[in-house]
Amino acid sequence: MDVSTSLEVTGKVIVITGGSGALGGAMARHLLKQGGKVAILGSREESVSKKLQEIGTDENLIGMVADVTNEGDVQKTCQQVMEKWGRVDVLINAAGGNLPGATIAPDQTVFDVSLKDMRTVVDLNLMGSVVPSLIYGKIMAEQKTGSIINVSSMAADRAITRVIGYSMAKAGIDMLTKWMATEMAQKFGDGIRVNAIAPGFFIGNQNRRLLTNEDGSYTDRGNTIIRNTPMDRFGEAAELNGVVQFLCSDASSFVTGTIIPVDGGFSAFSGV
Ligand SMILES: NC(=O)c1ccc[n+]([C@@H]2O[C@H](COP(=O)([O-])OP(=O)(O)OC[C@H]3O[C@@H](n4cnc5c(N)ncnc54)[C@H](O)[C@@H]3O)[C@@H](O)[C@H]2O)c1
């Protein structure tokens, strides 16, 4: 058997949900630069167009608008990608987010949570990865090749205060990753891999309010995170790109079902 150690992604068709966001956008920019054919998917026309403008016109870059929790919407984007490029090599499930009502404020308890917002957050973060995985994963099953990369979180396996719905959904992402990795390998062969990255703390739109004050200084929560991160800083979005490229590439041909932390040591540290 010929084993490739190549990190090349040239010509690979890569769909990034949440590609209009901070982390997904950084991945899109990088993978495009590396020669990938990249489709970014976001929920709002304006943010998708803005991201396309930021990255710059390129024949290998397209934008798509869809709600990741809506099967019909996602199916349409899949048809669009198939019509343009005829295959799908990588799906990165980076769409996600939180809502104020699903977050417990410092003066609240869990009994104050809005169940409506909690359901929305679980739906977005969990089913919003399940739906694209089933639709794009089906194409991969037919092709017998493909790589799905989910985005987990430090909130998935230990309780991080305040973000209950988000944490529950991210814990679900970890099991989705292991379950789909097993299913795809056993039923569709060793050409399909399913992994997750678990970012530590990166300041983005959805957590800026929790981590920084208006003047840019860190909140108490921001300082607590830094104290528990051995590298003593937040991550830069581009620091996810190396591991993402590895998981897109043939160099990770025997890697499936893993959840890889990219966290400056947060998950390794006891806090003492
Ligand atoms: N920023 C961090 O520190 C951090 C840490 C761990 C995990 N994450 C995860 O990384 C992913 C990206 O986070 P980010 O910081 O880039 O957030 P972001 O808010 O900048 O981007 C989120 C993206 O998801 C898209 N989105 C939201 N709802 C959608 C829907 N219903 N359908 C389609 N697209 C939708 C938005 O359009 C946006 O492009 C999320 O899953 C987040 O939970 C982030």
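# Chat about a predicted chain and its ligand

Modeller: This is a predicted model, and the shell around its ligand divides into 11 nonpolar, 17 polar and 2 charged residues.

Colleague: Which residues come nearest to the ligand?

Modeller: Gly18, Gly21, Leu23, Gly96 and Gly204 come nearest, out of 30 residues around the ligand.

Colleague: And which helices supply at least two residues of that shell?

Modeller: Helix 1, residues 22-33, and helix 4, residues 115-143, each do. The largest share comes from helix 1, with 3 residues.

Colleague: Stepping back, how many helices and strands are in the chain?

Modeller: The chain has 8 helices and 7 strands. Its radius of gyration is 18 Å, close to the 19 Å that the globule rule gives for 272 residues, so the chain is as compact as a globular protein of that length. Taken along the principal axes, the C-alpha atoms fill a box of roughly 55 × 40 × 35 Å.

Colleague: What percentage of the residues is buried?

Modeller: Buried residues make up 42% of the 272.

Colleague: What about contacts, how many of them join residues at least 24 apart?

Modeller: Counting contacts between residues at least 6 apart in sequence, 70% join residues at least 24 apart.

Colleague: Let's talk about the core. Which residues of the largest nonpolar core touch the most other members?

Modeller: Ile14, Val15, Ile16, Met27 and Ile92 do, in a core of 63 residues. Helix 4 gives the largest share of this core, 8 residues. As a general point, nonpolar side chains tend to be buried together in soluble globular proteins.

Colleague: Take Val15, then. What is Val15 in contact with?

Modeller: Leaving aside neighbours within four places in sequence, Val15 is in contact with Ala39, Leu41, Val81, Val88, Leu91 and Tyr136.

Colleague: Now Ala94. Where does Ala94 lie?

Modeller: Ala94 lies in the loop between strand 4 and helix 4.

Colleague: Is Ala94 buried or exposed?

Modeller: Ala94 is buried, because 30 other C-beta atoms lie within 10 Å, and 20 or more is the cut-off for buried.

Colleague: Which residues does Ala94 touch?

Modeller: Not counting residues up to four places away in sequence, Ala94 touches Ile16, Thr17, Gly18, Gly19, Gly21, Leu23, Gly24, Met27 and Val151. Gly18, Gly21 and Leu23 are also among the residues that come nearest to the ligand. The C-alpha atoms of Ala94 and Met27 are separated by 9.5 Å, although the two are 67 residues apart along the chain.

Colleague: Other end of the chain: which residues in helix 8 are buried?

Modeller: In helix 8, residues 241-248, the buried residues include Val244, Gln245, Leu247 and Cys248. They cover an arc of only 160 degrees around the axis, so they are on the same side of helix 8.

Colleague: Why do residues three or four places apart point the same way in an α-helix?

Modeller: Because an α-helix has 3.6 residues a turn.

Colleague: Last topic, backbone angles. What is phi of Arg162?

Modeller: Arg162 has a positive phi of about 80 degrees, although it is not a glycine. Arg162 is found in the loop between strand 5 and helix 5 (164-188). With 18 other C-beta atoms within 10 Å, Arg162 is partly exposed.

Colleague: And what is phi of Asp232?

Modeller: Phi of Asp232 is near 65 degrees, again a positive value in a residue other than glycine. Asp232 sits in the loop between helix 7 (220-227) and helix 8. Asp232 is exposed, with 10 other C-beta atoms within 10 Å.

Methods: Residues are numbered from 1 along each chain as its sequence is written. A residue is near a molecule or strand if its C-beta atom, placed from the backbone, lies within 6 Å of it. Helices (H or I, at least four residues) and strands (E, at least two) are DSSP runs, numbered from the N terminus. Ala, Val, Leu, Ile, Met, Phe, Trp, Tyr, Cys and Pro count as nonpolar, Asp, Glu, Lys and Arg as charged, and the others, Gly among them, as polar. The radius of gyration is taken over C-alpha atoms; the globule rule is 2.2 Å times the number of residues to the power 0.38. A residue is buried if 20 or more other C-beta atoms lie within 10 Å of its own, exposed if 12 or fewer, and partly exposed in between; C-beta atoms are placed from the backbone. Two residues are in contact if their C-beta atoms, placed from the backbone, lie within 7 Å. The arc is that of the directions from the helix axis to the C-beta atoms. A nonpolar core is a set of buried Ala, Val, Leu, Ile, Met, Phe, Trp, Tyr and Cys residues joined through C-beta atoms within 7 Å.
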